[in-house]
Amino acid sequence: MTTGARGVCEPKRPNNQRVSCEAANNNATPPSPAIAPGAELIDVRQAAAEIGARGIDPRIARLVPGFDAPFFQAGLAGYSDAAMRIVARRHGCPFCVTEALLDRTLLAGGRGFDKADLGDLHDNIPGGPEDHPLAGQIMGSEPAEMAAAAIKMIEQKARTDKQYRLLAYRGALAPGVNPPDTEGISEQLRAMREHVRLPGGQQVGFWPPEKDLRDAGLAAALAAEQPESPASPAQASFEVIDVNLACPVKKIERKARGGHWLAEPLGAIKILEAVREAVPANIPCAVKMRRSFDDTPEMAANFERIFDAAMRMGYAWATVHARTVKQKYMGPSRWEALRDLVRRHPNAIVFGSGDVWEVSDIFRMIAYTGVHAVSVARGCIGNPWIFRQAREMMAGRPPAPPTIAEQRAALTEHFRLSLAVTHRFRHGEETTSKMMRKFGIKFAQHHPRRDDIKRRMIGVSSAADWWSVVDEFYPAG
Ligand SMILES: Cc1cc2nc3c(=O)[nH]c(=O)nc-3n(C[C@H](O)[C@H](O)[C@H](O)COP(=O)(O)O)c2cc1C
């Protein structure tokens, strides 16, 4: 018997979001309940309270300080930029993932990769001290490019773009490029550093970079002078590097990337090795996978092989989207597959993804499958309250729907933050305003006049248009 996981919850909501991870297709799909026979019997409120009392697996909290609750905001190409992440965090989200960034886009400097450019690097630089902890997600076809892109992400452009490309294509820094000077850095700080290596073990630098060490040295000196003020440690750019082996985006020049690697396990393993070797050991690497490429036994075996290899290499966790790559974003995800995976690998950390549409799905998925945390994807677009509601449920309280005042605040914050992300670009206001239409339409789902708001949001082209919709439908106080 196949039973929906949604149980007694709200009816399905239509979803018309463009899936930018597969730019050529509009993978609009109505929310479907996951395949999870028996999940309807779970008492979700009780499960949430128990999960709240238990807390997150201590291994996760140790790996990523601040990741203190068993849910997070997924990577969502075209959506999960710094603005969306900060709004989520302000509503209780403990951890976020950037959208998938192509290694070549990163190496090219973040622009100019036209059709294949899945995400804008500028949107994915961490959005200040509030935008942590954060996983930077990369996707690509060549191990050396992936390794160099990972180094570039964690160093946040400490070298020139050309130097990163040389790392990828020549495997070394350009002759004559000297490392920055090391003046003023204590032996103790220098000893804490790790080698940054390319696939094959070639050392190409250190982590943290010299600049961070100097900042840390300065912070330590300041703290010594003013013992009351806490020393600010050198801030890592990304707390985690996440390798995408899940996106169903088409191959280019017959080269695998994203989820297509699940059909080519040897290549997938090379990518995982290259990235893990390049990234300093103190920065966790994680992998995003689909439950399989398709439903054949051969592909199920490939998944297992890649998953095993990742765990052996020291990948911190795998986030598994319980649809196949062939399914793209359509049809139900199969939570049974997550449950079986967790049972087969009792010591591995597994995060679950797929068909998390509302807050109760988070706890139903954990209770049903045993995953250690839940990736909230389409369920949090225009719905940051899902994170606040999750914390309410973990505290044993019923999840409160967002008031109109809360909705006004979220629409205001999200728009302002988006303007901040694009402020340096020409036409930043127009770009932001048009981009925010899709969020406005999703935010409207929570409003009694959702259809009127949607009609107005479709025409938003300027900040004035946005504020006029906000003032009309979400009046202040
Ligand atoms: C528009 C869109 C963009 C996505 N982009 C990414 C991405 O960049 N990285 C990633 O790991 N997953 C991406 N995903 C997959 C989601 O993170 C998630 O695994 C998937 O949507 C299943 O969860 P859901 O059914 O609850 O939405 C994307 C999904 C959608 C719908």
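Trainee: In which loop is the place of Pro 133?

Mentor: This is a predicted model, in which local features need pLDDT of at least 70, side-chain atom pairs count only at pLDDT 80 or more, and totals for chains, interfaces and linings use all residues. Residues are numbered from 1 along each chain as its sequence is written, and side-chain values use heavy atoms, with hydrogens and water left out. Helices (H or I, at least four residues) and strands (E, at least two) are DSSP runs, numbered from the N terminus. On that numbering, Pro 133 has its place in the loop between α5 (121–124) and β4 (134–139).

Trainee: Is the peptide bond from His 132 to Pro 133 cis or trans?

Mentor: Most peptide bonds are trans. The bond from His 132 to Pro 133 has omega near -5 degrees, and is cis.

Trainee: What percentage of the 477 residues count as buried?

Mentor: Buried means under 20% relative accessible area, exposed over 50%, and partly exposed in between (1.4 Å probe, protein chains only). By that cut-off, the buried share of the 477 residues is 56%.

Trainee: Is α12 parallel or oblique to α13?

Mentor: Axes are lines fitted to C-alpha atoms, for helices over the stretch in contact, and angles run from 0 to 180 degrees between N-to-C directions. Helix α12 (residues 335–344) packs on helix α13 (residues 359–369) at about 45 degrees, with the axes 8 Å apart. Angles under 35 degrees count as roughly parallel, over 145 as roughly antiparallel, 65 to 115 as roughly perpendicular and the rest as oblique. The relation of α12 to α13 is therefore oblique.

Trainee: Which residues in α13 meet those in α12?

Mentor: Contact means heavy atoms within 4.5 Å. By class, this contact has five nonpolar, one polar and four charged residues; Ala, Val, Leu, Ile, Met, Phe, Trp, Tyr, Cys and Pro count as nonpolar, Asp, Glu, Lys and Arg as charged, and the others, Gly among them, as polar. From α12 come Trp 335, Glu 336, Leu 338, Arg 339 and Val 342, and they meet, in α13, Asp 361, Arg 364, Met 365, Tyr 368 and Thr 369.

Trainee: Why is the pair of Phe 67 and Phe 95 stacked, and what is the angle of their planes?

Mentor: The structure holds 14 aromatic pairs. Rings of Phe, Tyr and Trp (its six-membered ring) pair if their centres lie within 6.5 Å; planes under 30 degrees apart count as stacked, over 60 as edge-to-face and the rest as tilted. The centres of Phe 67 and Phe 95 are 4.5 Å apart, and the pair is stacked because the angle between the planes is 15 degrees.

Trainee: How many residues apart are Phe 67 and Phe 95?

Mentor: Both Phe 67 and Phe 95 are buried. Phe 67 is in the loop between α2 (58–63) and β1 (71–73), and Phe 95 in the loop between α3 (82–90) and β2 (96–97). The pair thus links distant parts of the chain, with a spacing in residues of 28.

Trainee: Which residues form one aromatic cluster?

Mentor: A pair of aromatic rings is described by the distance of the centres and the angle of the planes. Phe 67 and Phe 95 belong to the cluster, which is formed by Phe 67, Phe 72, Phe 95, Trp 317 and Phe 351.

Trainee: Which ring does the charged end of Lys 438 sit over?

Mentor: A charge sits over a ring if NZ of Lys or CZ of Arg is within 6 Å of the ring centre and within 35 degrees of the ring normal. The charged end of Arg 290 sits over the ring of Tyr 329, 5.0 Å from its centre. For Lys 438, the charged end is 4.5 Å from the ring centre, and the ring is that of Tyr 79.

Trainee: Is Asp 355 buried or exposed?

Mentor: Asp 355 is found in the loop between β10 (350–353) and α13, and has a positive phi of about 60 degrees although it is not a glycine. Its relative accessible area is 4%, so Asp 355 is buried.

Trainee: Which residues is Lys 454 in contact with, leaving aside its neighbours within four places in sequence?

Mentor: Lys 454 is found in helix α17 (residues 450–457) and is partly exposed, with a relative accessible area of 21%. Leaving aside neighbours within four places in sequence, its contacts are Ile 441, Ala 444 and Gln 445.
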